[in-house]
Amino acid sequence: MAQELLVIGGGLAGCEAALAAARFGAKVTLVEMKPAEFTPAHHSPRLGELVCSNSLRSAQVTSAVGLLKAEMAIMGSAMIKAARATAVGAGKALAVDRERFAQHMEAQIEAEPNISRETRRVDQLPTTPAILATGPLTTEGLAEVLGKATSSDHLHFYDAIAPIVTLDTVDMSSAYWGDRYGEPGEGDYLNCPLSKGEYERFYAALTSGAQVPLKDFENPRFFEGCLPIEVMAARGEKTLLFGPMKPVGLDDPRTGRWPHAVVQLRKENRDGTMLNLVGFQTKLTYEAQNQVLRLIPALASAEFVRWGSIHRNTFLDAPRVLDPNQRLLAYPHLFVAGQLSGVEGYVESAAMGMLCGINATRLMHKEALLTPPPTTALGGLVTHLQNKATKDFQPSNVNFGLLPPLEEKVYKKQRGAAQARRALADLMAWLKTEGLSPQEPPPPIPEVSYSKNKKKS
Ligand SMILES: Cc1cc2nc3c(=O)[nH]c(=O)nc-3n(C[C@H](O)[C@H](O)[C@H](O)COP(=O)(O)OP(=O)(O)OC[C@H]3O[C@@H](n4cnc5c(N)ncnc54)[C@H](O)[C@@H]3O)c2cc1C
């Protein structure tokens, strides 16, 4: 009898994985503990539940997440089918009726003859080919065995996320490069200084900003080395000046002196086009962050591509424990998909489910495994999961910083279109080479006019 593929977890990644595997000819058993048992964030008895927002973010192919959705649609994604069938008006975003969305996902699973379902909690790692897609709230028992299998250093339980800005929107007249005690004007850190008055205004806003209430399953015991900035600030007005806003050794080339306080920005991606605010993990609401962080003069008009957050999130240290096809290095019959693998977001989780479903089937059929081109949004997520240069790996949403820079010089407003053109051309060529049929043609993409000065290669 042909071997079956086990998919554990019937969330976004698990459903997408099961349906992709079934479409490619695998016999699949999808195991989900609901409705017998629920994580603290899941409430619906259905598969494919959206746990929080009903938005799948931008629908525009010129944004990274819009491009990812276009690539998934071309590859036959079940999530995209369900989202299109249950969309609600949301301007340039793709939002869905969450109940009808879950019904649609479940109906696709039930209509697939290659998939059978089991309701039970899994507490051990399977010994046969399987995809682990149990999400950020993976049950404790399974998380524990996964921790032991990968060494507990490689399984994280909390996300402490610092905000990220784009370099070209930082006001460079108020910022300077420099490492602590290094040569002013040179170094890896972009320093954003605050005078005494600016710091006092910032501090007052920070300590009065609204915070996201903790969910009942979130234990407010933070690691001392990773405290939210507002928790540090609450200990006293000077605490931040001895912590993440310490000015010591950071000569401001404009004054030749240390400023009163400094926020340091560090490269977030390979090309340094995105920078994170070092030590600025926070539980402030996004709205409060938008007000408080703009009081840092260099960031007054910055584009924040990610806000800070801290929440329970079980995820693997992917660069150190997964291979480029999301298999556990120590257990190559086990794929890891979704948020547990180290991507962030509904769409990203489903995308990795789709890739794992296809590759798990190919593994069982003894076919070569597939890796999408790095210039695609799908490939960018794989690049993130394999980024061994990051010591403190954190889950990431898809963004253009994960893709190689464009070869041509392109006007800023057209960069998204240029990325999308390159990505979809490369995706279509790759599908052809691998003998995979696109399920729909690529969407139209706005024209791009390349600027006269070509980038030097
Ligand atoms: C509180 C919270 C809010 C979030 N809000 C958003 C948001 O608004 N937008 C966004 O894009 N992303 C959000 N995320 C991040 C992430 O995109 C979602 O968690 C997403 O659902 C992850 O997809 P997944 O398939 O990996 O996991 P899930 O969708 O969580 O699916 C995992 C499934 O596995 C099951 N399961 C768990 N353990 C076991 C076990 N041992 N045996 C059997 N079954 C098991 C669960 O019941 C669940 O159905 C949020 C995350 C959290 C924790």
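This is a predicted model: local features need pLDDT of at least 70, side-chain atom pairs count only at pLDDT 80 or more; totals for chains, interfaces and linings use all residues.
The cysteines were examined for covalent links. A disulfide is a covalent bond between the sulfur atoms of two cysteines. Across the whole structure, the search returned zero disulfides. For Cys15, the nearest cysteine sulfur belongs to Cys356 and lies 14 Å away. Because a disulfide requires two cysteine sulfur atoms within 2.5 Å, Cys15 is in no disulfide. The accessibility of two cysteines was also computed. Cys15 has a relative accessible area of 0%, and Cys192 likewise has a relative accessibility of 0%. Since buried means under 20% relative accessible area, Cys15 is classed as buried, and Cys192 is classed as buried too.

Thr166 was considered next. This residue belongs to strand E9, which covers residues 164-166. With neighbours within four places in sequence left aside, the residues in contact with Thr166 are Thr273, Met274, Glu303 and Val305. For Glu303, the side chain is joined to that of Thr166 by a polar contact of 3.1 Å.

Rolling a probe the size of a water molecule over the atoms shows where empty space is left. One cavity of 30 Å³ or more is present in the structure. The volume of the largest cavity is about 40 Å³. Its lining includes Tyr176, Trp177, Gly178 and Asp179, together with Gly182, Glu183 and Pro184. Asn191, Gly249, Leu250 and Asp251 also line this cavity. By residue class, the lining of the largest cavity consists of four nonpolar, four polar and three charged residues.

The second largest pocket was described in the same terms. This pocket holds about 200 Å³ of space. H2 supplies the largest share, with four residues. In total, 14 residues line the second largest pocket. Those nearest its centre are Ala59, Gly66, Lys69, Ala70 and Arg84. The lining of the second largest pocket is made up of nine nonpolar, two polar and three charged residues.

How values were computed
Residues are numbered from 1 along each chain as its sequence is written. Side-chain values use heavy atoms; hydrogens and water are left out. Buried means under 20% relative accessible area, exposed over 50%, partly exposed in between (1.4 Å probe, protein chains only). On a 1 Å grid over the protein atoms alone, a cavity is a set of points where a 1.4 Å probe fits but cannot get out, and a pocket is an open set with protein on both sides within 12 Å along at least five of seven lines; lining residues have an atom within 4 Å of a point. Grid points are joined across faces, edges and corners, and a volume is the space filled by probe spheres set on the points. Ala, Val, Leu, Ile, Met, Phe, Trp, Tyr, Cys and Pro count as nonpolar, Asp, Glu, Lys and Arg as charged, and the others, Gly among them, as polar. Helices (H or I, at least four residues) and strands (E, at least two) are DSSP runs, numbered from the N terminus. A polar contact is a pair of N or O atoms within 3.5 Å; within protein, one must be able to donate a hydrogen and the other to accept it, and residues adjacent in sequence count only if both atoms are side-chain atoms. Contact means heavy atoms within 4.5 Å.
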